[in-house]
Amino acid sequence: MNSGRVQKAPENFLTQSGIKEVFAQGKKGRRDFIRNAFAAAAAGAAAPMAMAQGNPVPTEGGDPNILNLPEHTTGLGQGVAVEGYGKPSKFEANLQRRQSPGLTQTTQASVSFAPLQSLFGIVTPSGLHFERHHQGWWDIDPSKHRFMINGMVKKNMVFTMDEIMRLPSVSRFHFIECGANTAVDWGNVAVPTVQYTHGMLSCSEFTGVPLITLLELAGVDLKNGKFVLAEGGDGSSMTRTIPMSLITSGEVIVAYGQNGEMLRPENGYPLRLVVPGVQGVSWVKYLRRVEVGDKPYASKDEAIHYMDLQPGGLHRQYTNLQEVKSVVTTPSGGQVLLDKGFYNITGLAWSGKGKIKRVDVSTDGGRNWRQARLETPVLSKALSRFNIDWVWDGKPAIIQSRAQDETGHVQPTYQQLRSVRGTRSIYHNNAIQSWLVQENGEVKNVQVS
């Protein structure tokens, strides 16, 4: 009856003093120090957790949790709507976004990672959605927020939030992934858990008005206007070029809603851009303006940052699309398999080119593959959940997933990706992730050459 028990990964690996030391060493280029700091912290966190399994079932004499009626069965519960806005259970308080210890020392220009290892289905709760900020976040008064359209249009227009929200809306599920997701593992293994390797990824239902609708109200010049510059209202004045071809398809949304309610402040309240399939930096938050032009704008985050370094020293610019990718979330790094026997391997797959067509899973480091089950719904440019049955025999195993999208693109191995991109890049790492299940059940992040 104990078959398939998984001990959760420790959530918080580093203390504040440890994070400060990682920052200091990271400035010196010591990526190996970051990796070793995580490994030491993980070892210290996992040991006591392995000893405490909550409330285990007794081996004999019956289970008091069945034999005795608990307090919640014999007493009166809390009143209705005691909390005007529902909150998670106190027993889930450890499930949180975690800040990056290696990106930047300025908390206003940093990342928090979503806890993918503890989420179900394809939708990320708004309160656990990953964050990437360049100048901190704001809680903006929607009555004062304005959205402007200018450039190659017949008339410049300014919209209030009320004016935008009275227009016909659409609601669609889409993933958003930072272009730097999985960046730390380009050269070698650097972090221990899927929260830190792949946690700059989330998926939500977004509600808003297609950008093309607003542009048409302004009389956009679709013959000569080939690009749009989107500008955010935060202190970094984030600006990104969006091809008009994406906008005329109706995909790009000026969004005010997320998961059935207004956007959260950390996610761009009261207005943000949704650009399905494109790296998260183009999903401009606190959206205040779009300008229509006839060429790419080469803004500061397009001419200096968010470019792909090539082995020969050249850089690729405007590589915005997020290629097909997947990751196993259970079993994954930091977790512990407590028994031999049956397990459900599960994970997420996504592609910026459309729907996921297939996911294969290997438990022997890529020698053999089996096709996983894709759980519904399978939506375009959204996360897809996959599952596959597995019986663990207690021997070491290397678990991998390999996704294929509807365009035929297949997720590459690290060897295939590095043969083209080298090891010094930062962005768009979509290589196959490997998790080593050791004989003692502990799961580690490894790379297979």
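In this predicted model, Asp 294 and Lys 295 form a salt bridge, with their closest N and O atoms 3.7 Å apart. Asp 294 is partly exposed, at 46% relative accessibility. Lys 295 counts as exposed, at 54%. Another lysine, Lys 223, lies 9.4 Å from Asp 294, C-alpha to C-alpha, although 71 residues separate the two in sequence. Lys 223 sits in the loop between helix H7 (211-217) and strand E9 (227-232). Lys 223 is exposed, with a relative accessible area of 69%.

Side chains of opposite charge can pair when their charged atoms come close. The structure holds 22 salt bridges. One of them joins the side chains of Arg 5 and Asp 339, at 2.8 Å from N to O. Arg 5 lies in the segment before strand E1 (6-7), and Asp 339 in the loop between strands E18 (336-337) and E19 (341-350), so this pair ties together parts 334 residues apart in sequence. Arg 5 is partly exposed, with a relative accessible area of 34%, whereas Asp 339 is buried, at 14%.

Arg 373 and Glu 375 also form a salt bridge, with the closest N and O atoms 3.7 Å apart. Arg 373 is partly exposed at 39%. Glu 375 is partly exposed at 28%. Elsewhere, salt bridges with shared partners link Glu 231, Arg 288, Arg 289 and Glu 291 into one network.

The protein chain as a whole contains ten helices and 26 strands. Of its 449 residues, 50% are buried. Among contacts between residues at least 6 apart in sequence, 72% join residues at least 24 apart. The accessible surface comes to about 21300 Å², with 53% belonging to carbon and sulfur atoms.

Technical notes
Residues numbered from 1 in each chain as written. Predicted model: local features only at pLDDT ≥ 70, side-chain atom pairs only at ≥ 80, totals over all residues. Heavy atoms only, no water. Helix = DSSP H or I, 4+ residues; strand = E, 2+ residues; numbered from the N terminus. Buried < 20%, exposed > 50% of the residue type's maximum accessible area, 1.4 Å probe, protein only. Contact = heavy atoms within 4.5 Å. Areas by Shrake-Rupley, 256 points an atom, 1.4 Å probe, with all protein chains shown as cover. Salt bridge = Lys/Arg side-chain N within 4 Å of Asp/Glu carboxyl O.
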